[in-house]
Each structure stands twice: as C-alpha cells, then as structure tokens.
Amino acid sequence: MIDLKTFYDEHPINETEILDKLAADGIPESAVGPEHLSRYDQDHYGGLAATDALVDILGIEADMRVLDICSGMGGTSRYLAYRYGASVVGIDLNESRVAGARRLTGLVDLDHMVTFQVGDAADLDFPEASFDRAICQEAFLHVADKEAAIGGCHRVLKSGGGFGFTDWIATDRLDERARSIFAETFAAPRSIGLAEYGALLEAAGFVHVQARDLSAEWKGILTERLEMFRSLEKETVSRFGQDRFDTYIRNYEFFVQQIDAGALGGGRFGAWKP
Ligand SMILES: C[S@@+](CC[C@H](N)C(=O)[O-])C[C@H]1O[C@@H](n2cnc3c(N)ncnc32)[C@H](O)[C@@H]1O
C-alpha cells in the first residue's frame with residue numbers, strides 16, 4: 001500500500017519537472033512569472049478553467065483571505081493571488097509539496113500574498129472564523145475522515161463565507177475490489193457519492209449547497225491527463241526509476257477505466273456558512 005507521502009514525493013508533477021518544462025519552452029528561471037508556472041503547476045483536472053469555475057461560485061475578490069486546502073505545488077494559491085488579488089494560505093500534509101510551493105512562489109515574487117504551511121485537512125490548525133473563502137481541488141479523495149475536513153472548514157470560515165471544492169465521486173458501480181485498489185495505489189481510502197457529499201456539507205452546517213456532476217467532462221480531461229503522464233516518461237524514470245513510472249501509468253490506466261465505466265466521476269461543490 002502506498003502512503004500519501006511517497007505518492008506525492010514520487011509524483012510526475014513536481015517542482016523540478018515544472019522548471020524543466022519552462023526551460024524547454026525557452027523561459028529561464030530568472031524570467032519565470034506566475035502565468036508561466038500556471039502552464040504546468042495545476043495538479044487538478046481541467047487546469048485554470050476548473051479554478052475559474054470555483055471562483056465563479058465563490059465570488060472570490062481582491063483582498064479576500066482564502067484558504068487553499070491541500071494546496072500541493074501551490075498552483076491554485078498563486079493563481080488566486082495574481083489573477084484575483086486574493087490573499088491565500090495554502091496547507092498541505094506533504095512537506096516536499098509545501099517546500100516546493102514556497103520556492104515556486106518566491107521565484108515569482110508572490111510570497112507577500114501567498115504563504116504555505118504543513119497541515120492536515122482533517123485537523124485544520126486555524127482559529128475559528130479566519131477565512132472569507134476556502135477552496136480544495138482533487139484532494140479529499142485522500143482524506144478518510146471527510147466529516148472532520150468539512151467540519152473544520154466550516155469552523156475556520158467567517159459567517160457568510162463560502163467553500164468550493166472538486167473531488168472524485170463514487171457511483172454504485174464502484175465495487176469493493178476497485179475501492180481497495182484505489183486505497184492501495186492512490187492513497188485514496190474512501191470515495192463517496194455526489195449526494196453523500198451534499199449531505200455531509202449540510203450536516204456540518206453549510207447552507208445553499210450546490211453539487212454538480214462533472215463526470216462527463218472528466219472523461220476527456222482524464223484521457224488527456226493519462227497521455228500527459230505518459231509523455232513524462234523520460235523525466236519520471238530519471239527521477240524515480242522505470243518501475244515507479246510503469247506502476248504509476250498502470251494505476252492511472254485503471255483509474256481512467258473506472259471513470260470510463262462510470263464507476264468513478266467528478267463533482268463540483270459550493271456551500272455557504274450562514
Ligand atoms: C492532487 S493534489 C492537488 C493539489 C492542488 N489542490 C492542486 O490543485 O494543484 C492533492 C494534494 O492533497 C494533499 N493532501 C492529501 N491529503 C491531505 C491531508 N489530509 N491534509 C493536507 N493535504 C493533503 C497531497 O499531499 C497533495 O499535495
């Protein structure tokens with residue numbers, strides 16, 4: 001069973017790979033801006049457009065204080081700062097992701113607007129009512145205690161604050177074998193359905209909950225993403241070895257098959273703290 005730390009320490013999308021890609025595009029480190037990083041630092045499905053869709057739901061505006069839960073390499077945090085003027089705190093459990101996110105953010109001079117901390121989404125370490133908005137993309141799939149994550153998010157939001165996120169959603173076609181494969185290979189211990197997520201949000205005290213099924217659009221996005229990971233063979237093998245690359249691709253193929261079969265899909269959620 002792969003643990004979360006190893007999964008992201010050996011992930012094909014990483015700080016070195018992002019900078020190598022930009023160098024290959026002819027952009028030296030000294031000339032890198034946040035809009036350049038955005039081509040390669042988005043570790044969720046659908047890139048910047050997916051973030052814009054959450055911003056539309058949440059009405060994120062300049063000077064709002066936003067919590068980016070499970071911020072990874074910090075792509076969304078930086079985008080919310082440079083595109084929308086938000087002041088962002090990103091948290092992630094993985095220390096190498098947080099260190100990489102900090103370095104990339106410093107490189108593009110956004111560290112006065114965006115900071116990162118190591119932290120657990122299921123145990124948010126912030127005072128009550130400290131954020132205007134919270135966002136989370138493709139990360140709750142790794143969190144078994146979704147009640148604690150959603151409850152904590154409600155606690156740290158100000159009254160009138162909004163929470164928007166996207167995540168894997170399970171359908172009744174997701175069988176036990178596939179569930180245990182995802183736990184073993186993706187550090188994804190518990191996938192739940194669209195309605196179940198809606199119920200968890202309401203149980204935590206959120207209102208005006210909206211849940212949109214993105215499964216149809218994710219099919220094409222994930223097929224392309226598999227091709228993108230395949231295209232990173234040389235870089236991934238040189239960094240983590242052939243075995244890790246082969247295993248990653250095999251596991252991703254299984255994931256895409258489950259998406260194609262309608263066993264897994266995607267959901268986009270918006271919810272408000274009264
Ligand atoms: C697919 S990446 C998404 C990163 C980022 N949201 C983005 O869109 O680019 C998932 C991230 O969730 C983080 N993560 C998983 N479980 C976590 C937890 N319990 N608390 C904090 N971070 C977590 C992982 O370390 C990883 O960086």
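Trainee: How do the residues of the shell around the ligand divide into nonpolar, polar and charged?
Mentor: There are 10 nonpolar, 9 polar and 5 charged residues in that shell. Keep in mind that this is a predicted model.
Trainee: Okay, and which of the 24 residues around the ligand come nearest?
Mentor: Those are Asp-43, His-44, Cys-70, Gly-72 and Asn-94.
Trainee: Which helices and strands each supply at least two residues of the shell?
Mentor: Helix H1 (4-9) does, and so do helix H5 (75-84) and strand E2 (87-92).
Trainee: Let's switch to the sheet. What's the order of its strands?
Mentor: Reading across, you get E3-E2-E1-E4-E5-E7-E6. It's an open sheet of 7 strands, and the pairing is mixed.
Trainee: Why is one side of E3 and of E6 left without a neighbour in the sheet?
Mentor: Strand E3 (114-118) and strand E6 (207-213) stand at the edges, and each has a single partner strand, so one side of each has no neighbour there.
Trainee: And by how many degrees are neighbouring strands turned against each other?
Mentor: On average it's 15 degrees, ignoring direction.
Trainee: What about E1 and E4, do they run parallel or antiparallel?
Mentor: Parallel: strand E1 (residues 65-69) is joined to strand E4 (residues 131-137) by 4 bridges. If you want a spot to look at, Asp-68 stands opposite Ile-135 in E4.
Trainee: Which strands does helix H4 lie across?
Mentor: Helix H4 (residues 47-58) lies across E4, strand E5 (157-170) and strand E7 (264-272). Its angle to E5 is about 145 degrees. Helix H6 (residues 95-107) packs on the sheet as well, where it touches E2 and E3. The direction of H6 makes about 165 degrees with that of E3.
Trainee: Now two helices, H8 and H12. Is their crossing left-handed or right-handed?
Mentor: Left-handed. The axes of H8 (residues 176-186) and H12 (residues 242-260) come within 11 Å and cross at roughly 145 degrees.
Trainee: Which residues meet there?
Mentor: From H8 you have Ala-178, Ile-181, Thr-185 and Phe-186, and they meet Asn-251, Phe-254, Phe-255 and Gln-258 of H12. That contact has 5 nonpolar residues, 3 polar and no charged ones.
Trainee: Last one: what does the UniProt annotation cover?
Mentor: The unreviewed UniProt entry has "domain: Methyltransferase type" on residues 67-162. In the model, that span is 35% helix and 28% strand, with its end C-alpha atoms 11 Å apart.

Methods:
Residues numbered from 1 in each chain as written. Predicted model: local features only at pLDDT ≥ 70, side-chain atom pairs only at ≥ 80, totals over all residues. Axes fitted to C-alpha atoms, helices over the stretch in contact; angles between N-to-C directions. Left-handed = near helix turned anticlockwise from the far one by under 90°. Contact = placed C-beta atoms within 7 Å. Nonpolar A, V, L, I, M, F, W, Y, C, P; charged D, E, K, R; others polar. Near = placed C-beta within 6 Å. UniProt positions renumbered as here; feature names shortened; annotations may be inferred. Pairing = 2+ DSSP bridges.
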